[in-house]
Amino acid sequence: MFDKELVEKIRAAFPRAEKDFNGRKRVFFDNGTGTLVLKQAAEAEHDARINCSANIGGIFDESKQAMKIILEGRQSVADLLNAPSPETIISGESATSLVFNISYALGKEFTGKENVVATDYEHYTNVSPWEELREQGKIKEVRYARVNMEDGTIDLSHLNELIDENTKVVTITAASNFLGTRSPLEEIGKMAKRAGAYYFIDAVHQIMHGTVDVQKIDCDFLVFSTYKIFSSHGSFLYGKKEHLESLKPFKVKTAPTSAPGKYEWGTRNQAFFAAFSAVIDHLEWIGEEVQSNYEGKFTEYKGRKRLLKIAMDAVQQNEVGLSKAVLMGFEDVPGLLKIPGVTVYGLTDLERLSERAPTFSFEVEGISGEEVAKRLWEEGAIAARSGHFYSLAQDLHDKQKVVRISLVQYNTLEEVRTFLITLRKICII
Ligand SMILES: Cc1ncc(COP(=O)(O)O)c(C=O)c1O
């Protein structure tokens, strides 16, 4: 896990990690819904707004600077994902808008006989755009691979069975925002490629928790949202160059004819790109802090790309430690698995914690999820969330009222302890 000093430095980079705007000390465990903002990101956004608020395309300095910031932002995303070039990076209003954007473009290629294969643990963002194609008669059906609810994993043989010669898209969430499970992306990618299908990944719930390499996964498209990784609302999508060139997205006639501009609806907000570059600078700094533990590792990457891989690997390992504490607790405080009346969904095998994000959905016998979340807040100042997280699996398995906590790099063991003590009190009374 991160040493104490590093955790403190990381927390210092987030103005609201310790206390909220009212000055109330609280534990922020609602990161799956949207993380806290990084100070550097908010400052970079502010500076770009003030200094280069002119739109791009002009010959004067503010406009040129705005263009530079946008290009640097795309390069930052490319470095994080190991994408080959900034031109393969598209920005959008949200992950949802980009999935619709690409699904509409793909729909123009289909004839009505095709199918899309997804899974039962998709976020509706990665369900509705494909179902929309079916409703419009562009494809015949959307098929869904089963989730094994005992351990929260996808039934891979079922997924493989669903893929046939008419499968044109295989799509999957990189990590479930309800169960926390990480999908075996490379393995599923091979299934998609065997069928000659496009491989589309929703990485919204993975991006803040671990490494992503679009070339290694060999995906055709990958989308994520920036407000889940310490920045402002918005999203990015990676697309393979040849697809970005050949597809015909909905666009206005005078917009650029090549990527990324071809896919972007309207001109861009330079401040958004500035904020994201600041997030990447922060992750690079984490990479520098921990790189001495990584001698001889990730040597296939160079420079900033390597530091980012190191940083996200270290984040993932730190989160395994946090997950273990959530489930098992401490010597004097029982974890979720040991508190009577608590049922936890998703992977709980301690040997397999690297296969999940530190996102835990659970229920307490006899107390509604809403009541548990309310009492966690009132009695322990713990920001958790209950209800529906737009996950298909919640509907299929009638789990619309669970409580969810989700941790990221600035959360601490001490916060896990506070959470567990409060939850135990709620369960006893
Ligand atoms: C896994 C997953 N996919 C997609 C989304 C939607 O992202 P956006 O709000 O950027 O459309 C979310 C949001 O919670 C999510 O968790």
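This is a predicted model: local features need pLDDT of at least 70, side-chain atom pairs count only at pLDDT 80 or more; totals for chains, interfaces and linings use all residues.
Let us begin with the ligand. Which residues surround the ligand? Around it we find Ser-94, Ala-95, Thr-96, His-123, Thr-125, Thr-173, Asn-177, Asp-202, Val-204, Ser-225, Tyr-227 and Lys-228. For Tyr-227, the distance from a polar side-chain atom to a ligand oxygen is 2.5 Å. For Ser-225, a polar side-chain atom sits 2.7 Å from an oxygen of the ligand, and for His-123 the corresponding value is 3.5 Å.

From the ligand we can move on to a helix that starts with one of its neighbours. Ala-95 is among the residues around the ligand, and helix α4 covers residues 95-107. Helix α4 packs against helix α5, residues 128-135, at an angle of about 30°, and their axes are 9 Å apart. Angles under 35 degrees count as roughly parallel, and so α4 is roughly parallel to α5. The two helices cross in a right-handed way. On the α4 side, the contact involves Val-99, Phe-100, Ser-103, Tyr-104, Leu-106 and Gly-107, while α5 contributes Ser-128, Pro-129, Trp-130, Glu-132 and Leu-133. Sorted by class, this contact of α4 with α5 holds seven nonpolar, three polar and one charged residues.

Next come two details of the backbone, each in a loop. Asp-218 has a positive phi of about 60°, although it is not a glycine. To find Asp-218, look in the loop that links α8 (214-217) to β9 (221-225). Pro-260 belongs to the loop between α9 (241-246) and α10 (270-290).

Our last stop is helix α14, residues 413-428, and we can look at two of its partners in turn. One partner is helix α11, residues 303-328, whose axis comes within 10 Å of that of α14 and crosses it at roughly 20°. The angle is therefore one that makes α11 and α14 roughly parallel to each other. Their crossing is right-handed. In this contact, Gly-321, Leu-322, Ala-325 and Val-326 of α11 meet Leu-413, Val-416 and Leu-420 of α14. The residues joining α11 and α14 comprise six nonpolar, one polar and no charged.

The other partner is helix α12, residues 369-380. How do the axes of α12 and α14 cross? They come within 10 Å of each other and cross at roughly 120°, so α12 and α14 are oblique to each other. Here, too, the crossing is right-handed. From α12, Val-372, Arg-375, Leu-376, Glu-379 and Gly-380 meet Thr-418, Phe-419, Thr-422, Leu-423 and Ile-426 of α14. By class, the contact of α12 with α14 brings together five nonpolar, three polar and two charged residues.

Notes
Residues are numbered from 1 along each chain as its sequence is written. Side-chain values use heavy atoms; hydrogens and water are left out. Axes are lines fitted to C-alpha atoms, for helices over the stretch in contact, and angles run from 0 to 180 degrees between N-to-C directions. Helices (H or I, at least four residues) and strands (E, at least two) are DSSP runs, numbered from the N terminus. Angles under 35 degrees count as roughly parallel, over 145 as roughly antiparallel, 65 to 115 as roughly perpendicular and the rest as oblique. A crossing is left-handed if the near helix is turned anticlockwise from the far one by less than a right angle, and right-handed if clockwise. Contact means heavy atoms within 4.5 Å. Ala, Val, Leu, Ile, Met, Phe, Trp, Tyr, Cys and Pro count as nonpolar, Asp, Glu, Lys and Arg as charged, and the others, Gly among them, as polar. A residue is near a molecule or strand if one of its heavy atoms lies within 4 Å of it. A polar contact is a pair of N or O atoms within 3.5 Å; within protein, one must be able to donate a hydrogen and the other to accept it, and residues adjacent in sequence count only if both atoms are side-chain atoms.
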